[in-house]
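Reader: I am new to this structure. Could you walk me through its core and its rings?

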Amino acid sequence: MKRLLLTLAFAIITLIGNAQLFIGGSIGTKFNGGNVDYTITAPNYSEEGVQYLNRSSYLNVAPVIGYKMSDNISFGLRLGYTNITTKSCSDNFKENYDIKNTVLHYGFAAFFRYTVFSFNNLKIFADAELPVSFATQKDVVEGNNTTVEVNAPKQFNFGVLIVPGLMYELTEHLSFVSELGLLNFGFIHQRVKVTEEADPETTLSYVQKNNEYGFGINNHVQATIGFIYTF
């Protein structure tokens, strides 16, 4: 038993000693918005107007650090910051975006990366990820020269994901990386803690739980773009 433990320890030390440190990160962004032009025509009456739809923006910044154990195997840790902002009009027929909802996600994901296909400088890989994230929400309503802020429920998420991606080695040390979130597969568990005041003396607290399975889950953009530098 002692010899086996020493052999395993020696193998681990050898792997770590031969591993290459890499750092990098990715950025993902998306914007949605628009309006509806409408026309109403009736006898002795006509009307044209615009209905303004919600505008939303998404930004994700994810620095990463890890070790490349071999040409096909890597592991590491990814940090994450996500900002999702949605603006809407209390009156959809007036272009006055006076309601803003902001969701902030903070989290991390340990990952194991395996290269399944390689051709010259191009590699196709799959990441097995264990994501953990926390989220807060805030609603801001502006009107009558006043601003009201409302803190919404807090969220906690964790899960298991398989995320495919592409890597292209630009130089010996610098590589372009794109993860295809649209094709990810896995499981995400979400917990939302809600606290409401029924009256000044009564507080109601409860936890909403949601499980999501399948392809493309926990995905806000179809793909992220980033770079890693291998020492």
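Predicted model: local features only at pLDDT ≥ 70, side-chain atom pairs only at ≥ 80, totals over all residues.

Reader: Which residues make up the largest nonpolar core?

Author: A nonpolar core is a set of buried Ala, Val, Leu, Ile, Met, Phe, Trp, Tyr and Cys residues joined through side-chain atoms within 4.5 Å. Buried means under 20% relative accessible area, exposed over 50%, partly exposed in between (1.4 Å probe, protein chains only). Here the largest one has seven residues: Phe22, Val64, Phe111, Phe125, Met167, Val177 and Ile228.

Reader: How many aromatic pairs are there?

Author: Rings of Phe, Tyr and Trp (its six-membered ring) pair if their centres lie within 6.5 Å; planes under 30 degrees apart are stacked, over 60 edge-to-face, the rest tilted. The whole structure has eight such pairs. One of them, Phe134 with Phe156, is tilted, with 5.2 Å between centres and 45° between planes. Phe134 counts as partly exposed because its relative accessibility is 45%. Phe134, Phe156 and Phe158 form one aromatic cluster.

Reader: What sits over the ring of Phe111?

Author: A charge sits over a ring if NZ of Lys or CZ of Arg is within 6 Å of the ring centre and within 35 degrees of the ring normal. For Phe111, that is the charged end of Arg78, 4.8 Å from the ring centre. Arg113 lies over the face of Phe125, 4.2 Å from the ring centre.

Terms used. Residues numbered from 1 in each chain as written. Heavy atoms only, no water.
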